[in-house]
Amino acid sequence: MAFGSTPDWFHIGDDESIVWESRPHPITMGTRLPVGIGIALAGLLVAGWSGTGGVGLLTILGVLTTVAGTSLAFARYLAWTNTRYVITSTELYKKRGIVSRDVTQFRLERVQNTSLRQTGIGRLLGYGDLTVYTAGSGDPELTFERVPKPERASSRLSDQLETVANDGAAV
């Protein structure tokens, strides 16, 4: 994501910089994307095949199937593109939502622990979950789900947490 023009859900201060940003791994789109594409193609075939003899019920059914499949695939794609993870020099952000929006934001100085989890398939395909815990809470405060190259995100977060801790110790 290019932050040349800052989106309205993202607030960055003059002395703050983006350390890392991503969206979930494309695997997050799951089977709905290829299923939607398959349904749309099947609808096109039915509409095209039945449309050779004029517009009939089968042609209309094919067109409706194409619209339904395209809608399913497009909705899944939109959900994926409208999920963002950002680590700045002072804060963490997680944004989800297309029509409504859910933004989680908190300062790095609140972070107590982090964990990185990758399943076997996640390791094979290059994604994992990066979870952040804050002081005084046993529950995860924030999870970046199915992050591509999660070790890179974890390393950037750890480096930034160390910088924040050292800046706080110098005060």
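A: Let's start with a definition: on a 1 Å grid over the protein atoms alone, a pocket is an open set of points where a 1.4 Å probe fits, with protein on both sides within 12 Å along at least five of seven lines; lining residues have an atom within 4 Å of a point. Grid points are joined across faces, edges and corners, and the volume is the space filled by probe spheres set on the points. This is a predicted model, where local features need pLDDT of at least 70 and side-chain atom pairs count only at pLDDT 80 or more, while totals for chains, interfaces and linings use all residues. Residues are numbered from 1 along each chain as its sequence is written, and side-chain values use heavy atoms, with hydrogens and water left out.

Q: What volume does the largest pocket have, and which residues line it?

A: Its volume is about 160 Å³. Pro24, Thr28, Arg76, Ala79, Trp80, Thr83, Tyr85, Arg96, Gly97, Ile98, Glu145 and Arg146 form the lining. Helices (H or I, at least four residues) and strands (E, at least two) are DSSP runs, numbered from the N terminus. Helix α2 supplies the largest share of the lining, three residues.

Q: How do I read a nonpolar core, and which residues touch the most other members here?

A: In soluble globular proteins, nonpolar side chains tend to be buried together. A nonpolar core is a set of buried Ala, Val, Leu, Ile, Met, Phe, Trp, Tyr and Cys residues joined through side-chain atoms within 4.5 Å. Buried means under 20% relative accessible area, exposed over 50%, and partly exposed in between (1.4 Å probe, protein chains only). The largest core here has 17 residues, and Leu92, Phe144 and Leu157 touch the most other members. Among the elements, α4 gives the most to this core, with four residues.

Q: Arg146 has a positive phi; where does Arg146 lie, and how exposed is this residue?

A: Arg146 is not a glycine, yet has a positive phi of about 50°. This residue sits in strand β7 and counts as partly exposed because its relative accessibility is 40%. Lys149 likewise has a positive phi of about 50°, but is placed in the loop between β7 and α4. With 53% relative accessibility, Lys149 counts as exposed.

Q: How many bridges join β3 to β4?

A: Two strands pair if DSSP finds at least two bridges between them. Here six bridges join β3 (residues 91–96) to β4 (residues 102–107), and the strands run antiparallel. Glu91, for one, has Arg107 as its bridge partner in β4. The hairpin has five residues between these strands, and there Gly97 takes a positive phi near 125°.
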